[in-house]
Amino acid sequence: MEFTLLWAAFTAIGFSWVGTRLWSDRLPDHPTDRMIGAAAGGLIAGRLVAMMVQGINPVTHPLDIVIVRGGVHTGAAAIGAIVTYLWAGKWKIANLDATAPAAVLGLAGWHAGCLWRGACLGTASGLPWGWAEPGSAVTRHPVELYAAFGLMAAAWLTSRLPWRLLTRAGTALVLVGLVRFLTEPMRLSLTGGPVGWYLAAVVVGGLGVWFGPRISNRLSTAPT
Amino acid sequence: MGQSATMLKRSVVLVLILAACGGAATSAPTVPGDRADLPATTSDEFEAHLAGLDRPAVVNVWASWCLPCRSEAPVLNQANEKYGEQIEFIGLDVQDNQKDAKAFLAEFGLEFDHFFDLDREIVNHYGGIGTPVTFFIAPNGQLVKTHSGILDERTLALNIDELLKLDS
């Protein structure tokens with residue numbers, strides 16, 4: 001039994017908790033609990049879809065869902081987490097804006113959790129800050145730490161944005177998608193990584209930033 | 001009462017959808033009829049086999065009863081498809097029976113060579129503990145690294161990259 005994934009999850013929870021302390025304005029009650037619940041919802045959705053993509057029937061092999069290391073589908077996990085969060089908050093979209101910086105910081109914590117999992121390294125690199133696997137002479141990009149730093153910057157940037165419907169949440173989605181997209185070429189992968197989902201996040205986030213304030217204005221000026 | 005009935009209907013529909021999706025994705029037969037038994041081998045023979053290879057090898061220890069092995073199998077399949085010409089993938093089925101082993105291989109379509117190691121003699125020879133465990137072997141047959149527990153995609157890709165760098 002190994003607990004490295006669990007430590008990475010604790011790191012993510014710790015980072016998101018710090019986020020709720022740094023950016024507490026307009027947060028719903030029990031924000032960290034809500035984020036943990038949303039992450040659990042996303043994990044279940046992502047694992048279920050990954051199993052089906054891999055040809056494992058979740059009905060005939062339900063216990064396989066606990067083997068998280070077998071893979072979690074990025075897109076399904078993201079959608080599952082957002083839907084769970086909205087559902088738990090009675091579909092109040094403004095909660096997404098309030099929570100976005102802390103959630104992005106939590107995601108940074110998940111990537112920083114690579115330090116516990118021994119899974120920080122990506123493609124070979126001759127750069128001075130490259131790391132080598134124990135017993136190896138090949139230095140590599142600590143790509144998960146690049147992602148962690150990028151997401152920390154994204155969290156801070158998101159927290160500086162004005163309070164308009166979906167401006168913070170949409171920007172957060174754009175920045176998360178961009179950070180993952182830009183770091184993906186430095187990750188080692190058998191399948192090329194879910195680049196399409198990162199680009200989808202950028203597009204959907206951008207649409208949220210564009211349409212959110214307009215929808216909000218339309219609703220506020222509509223005759224009652 | 002009405003709400004419960006609606007919930008029940010929704011649950012049934014969800015289960016049927018999941019079953020359909022899973023069934024559609026699993027196209028391989030679950031019980032093979034014509035697959036030969038996995039060859040049993042000794043640690044000396046296996047060591048000689050690895051030493052005779054002209055490329056690095058990934059030796060994955062699995063069993064049909066091993067839950068994590070089920071989730072690992074698709075990742076190994078992807079790796080074999082991508083790196084099968086540069087790296088020799090080998091499966092070692094341990095503490096198992098031939099019928100279940102063949103059903104497992106057919107279910108996941110693992111198309112690389114597999115050997116039968118009923119009493120874990122080979123695994124013990126290489127110092128592997130538990131199931132699954134994966135050995136990364138240099139082209140001269142020397143053990144480079146042992147990974148205990150389930151292999152995720154990134155870990156496998158990283159260790160394959162290390163083997164290829166070693167080989168070049």
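Reader: At roughly what angle do the axes of helix 4 (residues 94-112) of chain A and helix 7 (residues 167-183) of chain A cross?
Author: This is a predicted model, in which local features need pLDDT of at least 70 and side-chain atom pairs count only at pLDDT 80 or more, while totals for chains, interfaces and linings use all residues. Residues are numbered from 1 along each chain as its sequence is written, and chains are lettered from A and ligands numbered from 1 in the order in which they are written. Helices (H or I, at least four residues) and strands (E, at least two) are DSSP runs numbered from the N terminus, and axes are lines fitted to C-alpha atoms, for helices over the stretch in contact, with angles from 0 to 180 degrees between N-to-C directions. The axes of helix 4 and helix 7 of chain A come within 7 Å of each other, and they cross at roughly 25 degrees.

Reader: Are helix 4 of chain A and helix 7 of chain A roughly parallel or antiparallel to each other?
Author: Angles under 35 degrees count as roughly parallel, over 145 as roughly antiparallel, 65 to 115 as roughly perpendicular and the rest as oblique. The relation of helix 4 of chain A to helix 7 of chain A is therefore roughly parallel.

Reader: Which residues in helix 7 of chain A does helix 4 of chain A meet?
Author: Two residues are in contact if their C-beta atoms, placed from the backbone, lie within 7 Å. From helix 4 of chain A come A:Leu96, A:Asp97, A:Ala100, A:Val104 and A:Leu107, and the residues that they meet in helix 7 of chain A are A:Thr167, A:Arg168, A:Ala169, A:Ala172 and A:Val176.

Reader: How far apart are the axes of helix 6 (residues 143-159) of chain A and helix 7 of chain A?
Author: Helix 6 and helix 7 of chain A are roughly antiparallel to each other, since they pack at an angle of about 160 degrees. The residues in helix 6 of chain A that meet helix 7 include A:Gly150 and A:Leu151, and by class this contact has 10 nonpolar, 4 polar and 2 charged residues (Ala, Val, Leu, Ile, Met, Phe, Trp, Tyr, Cys and Pro count as nonpolar, Asp, Glu, Lys and Arg as charged, and the others, Gly among them, as polar). The distance between the axes of helix 6 and helix 7 of chain A is 9 Å.

Reader: Is A:Leu166 buried or exposed?
Author: A:Leu166 is placed in the loop between helix 6 and helix 7 of chain A, and it has a positive phi of about 70 degrees although it is not a glycine. Most residues other than glycine have a negative phi, and most peptide bonds are trans. A residue is buried if 20 or more other C-beta atoms, placed from the backbone, lie within 10 Å of its own, exposed if 12 or fewer, and partly exposed in between. With 25 other C-beta atoms within 10 Å, A:Leu166 is therefore buried.

Reader: In which loop is the place of A:His30?
Author: A:His30 also takes a positive phi, near 50 degrees, in a residue other than glycine. A:His30 counts as exposed because it has 12 C-beta neighbours inside 10 Å. Its place in chain A is the loop between helix 1 (4-22) and helix 2 (31-53).

Reader: Which element of chain B gives the most to the side of chain B that touches chain A?
Author: On this side, 30 residues of chain B are in contact with 28 residues of chain A. Two or more residues are given by each of helix 1 (2-25), helix 3 (67-83) and helix 6 (153-167) of chain B, and the side divides into 14 nonpolar, 7 polar and 9 charged residues. With 10 residues, the element that gives the most is helix 3 of chain B.

Reader: In what order do the 5 strands of chain B form an open sheet?
Author: Strands pair if DSSP finds at least two bridges between them, and in chain B strand 1 (residues 57-62) runs antiparallel to strand 4 (residues 133-137), joined by 5 bridges. Strand 4 and strand 5 of chain B likewise pair in the antiparallel sense over 5 bridges, with B:Phe135 opposite B:Thr146. The edge strands, each pairing on one side only, are strand 3 (113-117) and strand 5 (143-148) of chain B. The pairing in this sheet of chain B is mixed, and the order is 3-2-1-4-5.

Reader: Which peptide bond is cis, with omega near 5 degrees?
Author: B:Pro132 lies in the loop between helix 5 (121-125) and strand 4 of chain B. The cis bond, with omega near 5 degrees, is the one from B:Thr131 to B:Pro132.
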